[in-house]
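Subject: Structure handover

Hello,

Below is the structure for your set. Notes on what was found in it follow.

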Amino acid sequence: MTLAGLDRSGRRVVMFGGKGGVGKTTSSAATALHYALRGKRTLIITSDYTPSLSDIFEAQIGPRERAVPGVDNLFALEIDPDEVMRRWKEKFGPEVYEAASALVDLPYDEIVDYVAMAPGIQEEFMLDYILERVQQGRYELVVWDTAPAGDTLRLLDLPSRFVEHLRTAPRVYVELRDTFNLSRTPLTRLIESWRQLAEDVTRFFTDAANVGFILVTIPEALGVYQTRRVRRNLEEHGIHVQHLIVNNVVTDARCDFLRQRREMQRPYLQMLDAEFSAIGLTRVPLLPYEVKGIHRLREVERRLFDDVPRTAP
């Protein structure tokens, strides 16, 4: 089974997840290339703290959206946490200062920088940052190459935790107001707007009509067992995996080394087939070359999408 079914889904975001080193970025880059070649204006984003889109596309990709050379309709962005926080301060800094300055007498930068360091703020607004790219309407599809599995699960868990945290914030405000004899301040409005933001982010990323989640793994013990755990954890967050890509499958065993690798992989492939065949599983063979540049990515894209008709770049 291939990823061709995604062409008919109408989803606005396709997320790729899995443990590090299993080919997430390659798979997501090949998928983004596929949609760009079919005429869809596509943005690929990576939130990995060690991004490699620049290496795979053999082009300079950075913290601002830019066109990928040689491919119409394809744009790329490597999220820089510092850039996310800079934009967060631009967006929320004045509100934060207005709300907090009623409680403390400190300079603007000190107040905003202090609030920006609160646990979960950076991750919460990284999701908001990605959602903004979707809602702006400049792209028909956003492909998100997520960080390794543990970081991604923590990221996706934060909006609900953030909402729970903000439910207690009004009580804290009331206590501060009574203690310091404060009149009504913008603090409650700020708390409510952040709670609404967290709820909007959660609602969007858990809606299968908007977002498809594709797991990527390799047929080895660590990859397979973590894939099982990640799938369970995603479902606990209301996110259902739409497809599984299994990379580095030995298909042509012409020497003893490859024959042994193929035998090692066999039981893991059987396990994955049994557990994921109902939702769809694509095997990508072990390739004898590095996947770098558009030409090599097109080879992976053909294997993922079964060589469906496309526009030449």
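The charged end of Arg 133 sits over the ring of Tyr 129, 4.4 Å from the ring centre. Arg 296 lies over the face of Tyr 289, at 3.8 Å. A charge counts as over a ring if NZ of Lys or CZ of Arg is within 6 Å of the ring centre and within 35 degrees of the ring normal.

This is a predicted model: local features need pLDDT of at least 70 and side-chain atom pairs 80 or more, while totals for chains, interfaces and linings use all residues. Residues are numbered from 1 along each chain as its sequence is written, and side-chain values use heavy atoms, without hydrogens and water.

The whole structure holds six aromatic pairs (Phe, Tyr or Trp rings, the six-membered one for Trp, with centres within 6.5 Å; planes under 30 degrees apart are stacked, over 60 edge-to-face, the rest tilted). One of them, Tyr 35 with Phe 305, is edge-to-face, at 5.9 Å centre to centre and 85° between the planes. Tyr 35 is in helix H1 and Phe 305 in helix H10, 270 residues apart (helices are DSSP runs of H or I, at least four residues, and strands runs of E, at least two, numbered from the N terminus). Both residues are buried (under 20% relative accessible area; exposed is over 50%, partly exposed in between, with a 1.4 Å probe and protein chains only).

The Tyr 97 and Tyr 108 rings have centres 5.2 Å apart and planes at 50°, so this pair is tilted. Tyr 97 is partly exposed at 29%, and Tyr 108 is partly exposed at 33%.

Regards
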